[in-house]
Amino acid sequence: MSAASRDPLTRGQDLAPELLQTLQRFIDEAVIPAEDLKLAHDHAAQAAVVARLQGQALALGLGSPRRAVTDGGLGLSWEACCDYLEQAGRSFLGPAVLQCAPPTQPDVYALDVLATPSQRRAYLDPLKAGTRKSCFAMTEPAPGAGSDPRMLKTEARQEGGQWVINGHKWFITGAHQADFAIVVARTDDGVSWFLVDADTPGFEIVRDVPTMEPFDMGGHAEIRLTNCRVGADALVGEAGKGLDHAQLRLEGARLFHCMRFIGLASRAMHLAQRHVQQRESHGARLAEHQMVQALVADAHIQLFAARVMTREVARQLDRGESIRHSSSMAKVFVSEAVYQVADSAVQICGALGVSEDLPLSMILRMLRPFRIYDGASEVHRSAIAKRAFRHDLRP
Ligand SMILES: Cc1cc2nc3c(=O)[nH]c(=O)nc-3n(C[C@H](O)[C@H](O)[C@H](O)COP(=O)(O)OP(=O)(O)OC[C@H]3O[C@@H](n4cnc5c(N)ncnc54)[C@H](O)[C@@H]3O)c2cc1C
């Protein structure tokens, strides 16, 4: 079942132009100035800054974009989210401040569809209120599941009315701050989801896995589950439907990543454009060299195409259509385009581009992993081509 057909917030609202302007000003005047590049890997420092800015954002009426108005959000349509998330995404901190960052945003989205009333009370409501934090634990070290979820090795077996979970996970974003994990495990019926509190005996964070990503709030953790016992009520959704649930969680998450990262890439090229209008080489401003102009023009073309694609997929979601194929295509295109744009921005700024005097090199590092998570480009291309052959799709 697609994300669209199970979305609890079926008809979202438009984004008022005044609110978008307020957001733009807030990002420029409060959020970007609060980025301290020297603290890019200090989770505690970032959490403190984000908490302070969240209060300011709420006072300005800048809530969580996709969450229902009755839940304190803005209840925006997917299409309206394109503009909101692009603005929020211009800053490394913006998505967390505006409560539209992973893993919380896609976890809320999936649990809103799947959680039982008691799971809503214990997990979803506090997650929405920001009083509890989550992480989503699916990926495993070899020989476990990465690109191929069928290789899942983590197991959950029933024993005396409880589930006993054993497994090994890694790259679990936000795990260091999480109060609970959504653990994906193999059961007799197939693959299932479980809610596991972080203080459950046998749930152990082994280490942070350092990555190239800056501002990786909550880090990316390696986790071991050893005879982790949870109640029968820890099962999320239907037993054996865990891969469908993952698809539900991922489709919207992918689109939100595209929206945010268009903002970050756009910021990178805007900074670079300003730089090349000042800096001179070989008797002319860099902006007057045609090869520099070509890189700037290509960046505008790529971001224009990325925005159009993302918006079209968002509209499909608003219409309740399946986005399995289109979101795959958009994810591949946008993840590669935003990286290319940031790479060009670094290139035309020369050594300054790779330094940490400007945020460009960090933007590049932030964007690079997007070609791997939420489905590597190669895996999406393979799925797109298989669907094209299977259904004789016209390109
Ligand atoms: C920053 C970051 C955050 C992450 N956060 C989370 C998280 O919160 N929770 C979570 O569960 N996971 C998370 N992940 C893990 C992510 O989901 C996996 O990295 C992804 O599923 C790919 O798995 P893998 O890394 O094991 O790559 P592998 O499966 O080992 O694949 C390696 C490469 O092989 C190629 N490849 C693989 N299969 C195919 C194929 N069929 N055809 C062609 N080429 C192929 C691709 O180039 C791929 O990149 C995160 C990863 C990163 C980098």
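1. Helices here are DSSP runs of H or I with at least four residues, and strands are runs of E with at least two, both numbered from the N terminus. With that naming, helix α7 gives the most to the lining of the second largest pocket, namely seven residues. A pocket is found on a 1 Å grid over the protein atoms alone, as an open set of points where a 1.4 Å probe fits, with protein on both sides within 12 Å along at least five of seven lines, and its lining residues have an atom within 4 Å of a point.

2. This is a predicted model, in which local features need pLDDT of at least 70 and side-chain atom pairs count only at pLDDT 80 or more, while totals for chains, interfaces and linings use all residues. Residues are numbered from 1 along each chain as its sequence is written, and side-chain values use heavy atoms, with hydrogens and water left out.

3. An automatic or database domain assignment supplies the domain bounds, and by these the protein is divided into domain 1 (4-112), domain 2 (134-236) and domain 3 (243-390). The centres of domain 1 and domain 2, taken over C-alpha atoms, are 26 Å apart. Their contact (heavy atoms within 4.5 Å) takes 17 residues from domain 1 and 19 residues from domain 2.

4. Where does the second largest pocket lie? Domain 1 and domain 3 both give residues to its lining, so this pocket lies between them. Its volume, the space filled by probe spheres set on grid points joined across faces, edges and corners, is about 470 Å³. Of the 21 lining residues, Arg-90, Ser-266, Arg-267, His-270 and Leu-271 are the closest to the centre.

5. Helix α1 (residues 17-31) packs with helix α3 (residues 78-89) at an angle of about 10°, their axes being 9 Å apart; the axes are lines fitted to C-alpha atoms over the stretch in contact, and angles run from 0 to 180 degrees between N-to-C directions. That makes α1 roughly parallel to α3, a term for angles under 35 degrees. Leu-20, Leu-23, Gln-24 and Ile-27 of α1 meet Asp-83, Tyr-84, Gln-87 and Ala-88 of α3.

6. Most residues other than glycine have a negative phi, and most peptide bonds are trans. His-282, which is not a glycine, has a positive phi of about 50° and is found in the loop between β9 (280-281) and β10 (284-285).

Terms used
Parallel < 35°, antiparallel > 145°, perpendicular 65-115°, else oblique.
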